[in-house]
Amino acid sequence: MDNTLNKLRVLVVDQNVHIRQLMWTILQSIGAGKIDMAGNADAGFEHYCANDYDVVFTDSQLEPISGLAFVDLIRGSPQSPNPYVPIIMLSAHSDSEHVRQARDHGVTEFLAKPFTVGIVLKRLEAVIGNPRPFVRTDSYFGPDRRRKSSLDYKGPERRKSLLDKVRLPKRDITKQQRSALAKNKRAIDGVMGD
Amino acid sequence: MSAAEPDGSYQLINPPPLKQRVGVGRGIDAELVRRAKTAVDRIRTDYLHRVATTAGDVTHLINATKKPTGDRVNTPGALTRIFRDVQMQAAALDYPLVNDICKSLCSYVEHLDAPEELDKIVVRAHTDALRSVVNNSVTGDGGHLGRALVKSLNELVDKSR
């Protein structure tokens with residue numbers, strides 16, 4: 001059987017024409033059935049509302065609204081036809097603060113520019129092959145931000161059990177420090193619902 | 001779509017799996033990656049032409065800019081945009097040396113305290129380096145000479161700070 005993704009429908013929103021050309025070349029070569037391109041957030045959202053996409057690639061720097069605001073539109077606008085679509089954010093800024101912001105706005109995967117062909121396909125494989133459930137809270141809507149699960153996890157008190165393991169030998173801390181640690185532990189237990 | 005019962009203050013939702021809908025065959029495997037790399041190789045020639053044009057554009061930009069203080073120009077924003085533009089495709093098209101040259105210049109520009117501090121000599125060294133890559137069709141990291149080139153650019157940038 002020919003191995004293609006001919007049912008895959010992708011939207012790429014990036015201001016840089018060369019990045020759009022590169023993404024189009026990559027997606028077309030793997031047999032994506034529908035590839036649409038937009039050079040700004042307005043055109044991107046117009047495409048998004050008029051079509052049904054399986055994956056969206058968006059740059060973090062868009063006009064007239066930012067890439068994060070564009071993600072907010074997809075996830076939260078009443079006009080959005082599918083708020084659950086996997087979103088892969090392309091960004092020249094890959095420091096932890098930018099990645100955290102992207103995650104907190106509901107971005108599914110983060111792709112630092114400049115990127116290689118292999119990395120683009122790896123991110124695509126991640127959203128297709130390993131989907132994450134969505135979480136809705138008062139302050140967040142998007143893919144589950146927890147990616148790792150502890151092997152030690154046995155029940156609802158995972159964080160507490162980890163805290164208990166991090167105990168300094170009594171001889172290495174003063175009485176005052178021990179008292180402060182105990183106070184902190186009580187406070188944390190209170191927050192975590194000990 | 002299955003929506004789980006709310007647990008406390010959050011709700012877990014499982015959208016329909018994409019793989020069932022779009023997947024045909026083995027998914028994204030080594031064969032698809034090879035196919036994508038081959039396709040991208042075809043746009044490499046165009047890219048080299050663009051790098052050459054960029055080097056010319058930068059030279060033109062610097063020459064056309066009024067010099068407020070001696071040998072210095074006031075165009076860091078434009079330079080960053082031009083070099084970032086070239087840098088974006090460099091890694092994907094297997095021109096890590098171009099990537100390193102652009103990264104070096106962008107790092108220099110971004111750490112300037114004031115636009116007037118931009119030194120034309122540093123910019124010229126980077127555009128000459130780009131021209132050298134194009135003229136010699138250097139792919140990969142350029143080997144020993146490529147690494148030496150990047151090292152000398154980084155040293156020049158350090159000295160200019």
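Modeller: Chain A averages a pLDDT of 83 in this predicted model. In chain A, 74% of the residues score at least 70.

Biologist: Which elements of chain A have the lowest and the highest confidence?

Modeller: Helix 7 (residues 175–192) of chain A is lowest, at a mean of 51. Helix 2 of chain A is highest, at 98. Over residues 187–194 of chain A, pLDDT stays under 50. The model has six contacts beyond four places in sequence for that stretch.

Biologist: What is the mean pLDDT of chain B?

Modeller: The mean for chain B is 83, and 86% of its residues reach 70 or more. Strand 1 (residues 2–3) of chain B has the lowest mean among the elements of that chain, 46. Helix 7 (residues 143–160) of chain B has the highest, 93. Residues 2–6 of chain B have pLDDT below 50. For the model as a whole, ipTM is 0.72 and pTM is 0.75.

Biologist: Why is an area given for an interface?

Modeller: The accessible area lost when the parts come together is often used to give its size. Between chain A and chain B, the buried area is about 3,700 Å². Carbon and sulfur atoms give 65% of that area.

Biologist: How many salt bridges are counted between chain A and chain B?

Modeller: The count there is zero. The rule does find six residue pairs in polar contact across the interface.

Biologist: Why are strand 6 of chain A and strand 2 of chain B called paired?

Modeller: Pairing needs at least two bridges, and these strands have three, so they pair. Strand 2 covers residues 11–14 of chain B, and the two strands run antiparallel. A:F134 has B:I13 as its bridge partner.

Biologist: How do you know that A:R9 and A:D54 form a salt bridge?

Modeller: Their side chains meet at 2.9 Å, N to O. The cut-off is 4 Å, so the pair qualifies. A:R9 is in strand 1 (residues 9–13) of chain A. A:D54 is in the loop between helix 2 (41–50) and strand 3 (55–59) of chain A, and the two residues are 45 apart in the chain. Over all chains, the search finds 17 salt bridges.

Biologist: What is omega for the peptide bond from A:E63 to A:P64?

Modeller: Omega is near -5°, and the bond is cis. A:P64 is in the loop between strand 3 and helix 3 (67–76) of chain A. A cis peptide bond also joins A:K113 and A:P114, with omega about -5°. A:P114 lies in the loop between strand 5 (109–112) and helix 5 of chain A.

Biologist: What is phi of B:D94?

Modeller: Phi of B:D94 is near 60°, a positive value in a residue other than glycine. B:D94 is in the loop between helix 4 (76–90) and helix 5 (96–110) of chain B.

How values were computed. Residues are numbered from 1 along each chain as its sequence is written. Chains are lettered from A and ligands numbered from 1 in the order in which they are written. This is a predicted model: local features need pLDDT of at least 70, side-chain atom pairs count only at pLDDT 80 or more; totals for chains, interfaces and linings use all residues. Side-chain values use heavy atoms; hydrogens and water are left out. pLDDT is the predictor's confidence in each residue, from 0 to 100. Helices (H or I, at least four residues) and strands (E, at least two) are DSSP runs, numbered from the N terminus. Contact means heavy atoms within 4.5 Å. Buried area is the accessible area (1.4 Å probe) that two parts lose on being put together, summed over both. A polar contact is a pair of N or O atoms within 3.5 Å; within protein, one must be able to donate a hydrogen and the other to accept it, and residues adjacent in sequence count only if both atoms are side-chain atoms.
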